Amino acid sequence: MKVAKDLVAASATPMVLGILAEGESYGYAILRRINELSGGELDWTEGLLYPLLHRLERLGHLESSWQAVAGERKRKYYRITDRGLAELAEQRRQWDTVVGALKEIWHDRAPLTVHPLEGLA
Amino acid sequence: MTAHEGPQELEAQFEQWRQYVLRRRELQAVDADELEDHLRGSVDELVAAGLSPDEAFLVAVKRMGSLDDLSREFAREHSERLWKQLVLTGDSGSPVGGTRSRRDLWVMLGCAAGAVVSVKVPALFGLSFADDGSFYARNFTLFALPWLAAYLAWRRGARRTVIAALAVLFVLGAVAANAYPLADDSQSVVVTSVHLPIALWLVVGLAYVADDWRSSRRRMDFIRFTGEWFIYLVLMALGGGVLSAFLFNTFAAIGIVPEAFISQWLLPGGAAAAVVVAGWLVEAKQSVVENIAPVLTRLFTPLFTAALLAFLVAVVWTSHGIDVEREALLLFDLLLVVVLGLLLYSLSARDPLAPPGPFDKLQLALVVSALAIDVLVLLEITGRITDEYGGTPNRAAALGENVILLVNLAWSAWLLLSFIRRRTPFAALERWQTGYLPVYAAWAWIVVLVFPPLFSFA
């Protein structure tokens, strides 16, 4: 199973903000973490991740800094801001609504064979 | 040995990949840094899993996916990068280019200030714009163009002989404008005021091609420079107009009328400075912004061709001869100049190696119809030059220009035709145009220096 592209894109922002809420991180590690969390089902590309990180930085949800690692190598670390945390809370509320509604629907559907009888009654 | 070579080779591969990434306009150096770090993370992990560095690199690059997709995604977030930005003080990423262009900026500001001062110096000797309009009309280009030439000569690192030649020519221009006893209302004053700028502009051209003045390519660069410079000047004039209007009206609203400041200081000073600033802008943005002149030429060549053909058809249809009045020759001179400009700026942007296409045929049609119209005009005008009005400096100058442009365009049409028939390379046309530049210069200097005494300062 692969998660559809639209769904990956829609869930990308809360996912990145959520991971960064755990502590600062950098691109490659974020990608690894998403892979890990989804058991490899979420197919993220660099073309999705980095422009998204830049966009969130531009919107003030994240801030970044270059840090030296292992000699001359530089790495760009991202940190979530207060704005980002607020955005994450808002996104979470929305996702809870969507997920809750879906659960309701699927919960109602499970005894699908019973309902038509009730309707007839 | 291999253990030592491995990492080095890997570094070389990273470097190569980086260069490849940086070729994309959507991806900048910081993005390349970030993506390189990503790639390295991926490689490290694969090496730890037991792959050789070589294999790990290949797999990691493959995983990252095509650079096309990557840059497309980056372009969506960073769309401003596709609009090439004019960075006034050079690329901040490269310290060498930075200091160089900052020095450039200071030299330009110095030259612009020099031009502004030059405009106001005559006022110290009691020459005002209102009472000595003819003096300023004759000399205006002498205030600004030497400074533009100085800036360009500095940029090109001109040799002393070239600098001396530039100085001599500008002095000669000053002599021509001021030494002859020309009455303010004489025709010669007008003729000099028109031709001196042309002569001096080509002196600026000499400064522009100072590093290699024989090269046809460099001269073509000067033609490109001229087009872009003119467009920048027009844009700055528009901006200056808006600025003056606001300045005047806002101050007028509080009861102060800054008319004297605007007409005595802002407009003349701003115009002189704009001449230098426009030159600097063209030099600074050369590779940053697409040249405008060729774009305009592409738009207007078909329209002008249609207009000229329509005119020719109308002349034949109505069999109405062209009514040659006093100003007619000048009008048709200007027409030839426009056609020449359209031709030149299309040439300047054309890939010399591209095979002849429909646009070249369109240009041939444009040039031939302009030539046909001009021949009709010349036929009408023959004989009138010797009538009682004849022999004025105006007419002699206009006729001379007509002949010069006619020769140029006729030979251009021939070269264009043989190019379309694949007999001559495109470079022949380019060389003909760049080789012709000295002819304009020579004629302009003759008009400025020889005409006034020849026509006894009429």
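In chain A, α1 crosses α3 in a right-handed manner, meaning that the near helix is turned clockwise from the far one by less than a right angle. Everything here comes from a predicted model, where local features need pLDDT of at least 70 and side-chain atom pairs count only at pLDDT 80 or more, while totals for chains, interfaces and linings use all residues. Residues are numbered from 1 along each chain as its sequence is written, with chains lettered from A and ligands numbered from 1 in the order in which they are written.

The axes of α1(A) and α3(A) sit 11 Å apart at an angle of about 70 degrees; axes are lines fitted to C-alpha atoms, for helices over the stretch in contact, and angles run from 0 to 180 degrees between N-to-C directions. The two helices are therefore roughly perpendicular, a label that covers 65 to 115 degrees. On the α1(A) side the contact uses A:Ala12, A:Thr13 and A:Val16, which meet A:Leu48, A:Leu52, A:Leu53 and A:Leu56 of α3(A); contact here means C-beta atoms, placed from the backbone, within 7 Å. Six of these residues are nonpolar, one is polar and none is charged (Ala, Val, Leu, Ile, Met, Phe, Trp, Tyr, Cys and Pro count as nonpolar, Asp, Glu, Lys and Arg as charged, and the others, Gly among them, as polar).

As for the rest of chain A, there are five helices and three strands, laid out from the N terminus as α-β-α-α-β-β-α-α. These elements are DSSP runs, H or I over at least four residues for helices and E over at least two for strands, numbered from the N terminus. The strands make an open antiparallel sheet in the order β1-β3-β2, where pairing takes at least two DSSP bridges. Two bridges tie β1(A) to β3(A), residues 74-80, and A:Ser25 has A:Tyr78 as its bridge partner. Helix α1(A), residues 5-21, packs on this sheet, touching β1, β2 and β3 at about 95 degrees to the direction of β3(A). Helix α3(A), residues 46-58, lies across β2 and β3 of chain A, at about 120 degrees to β2(A).

Over in chain B, α9 (residues 216-253) and α15 (residues 426-449) pack at about 75 degrees with axes 9 Å apart. This pair, too, is therefore roughly perpendicular. The contact of α9(B) with α15(B) has two nonpolar, two polar and three charged residues.

Key
Contact = placed C-beta atoms within 7 Å. Parallel < 35°, antiparallel > 145°, perpendicular 65-115°, else oblique.
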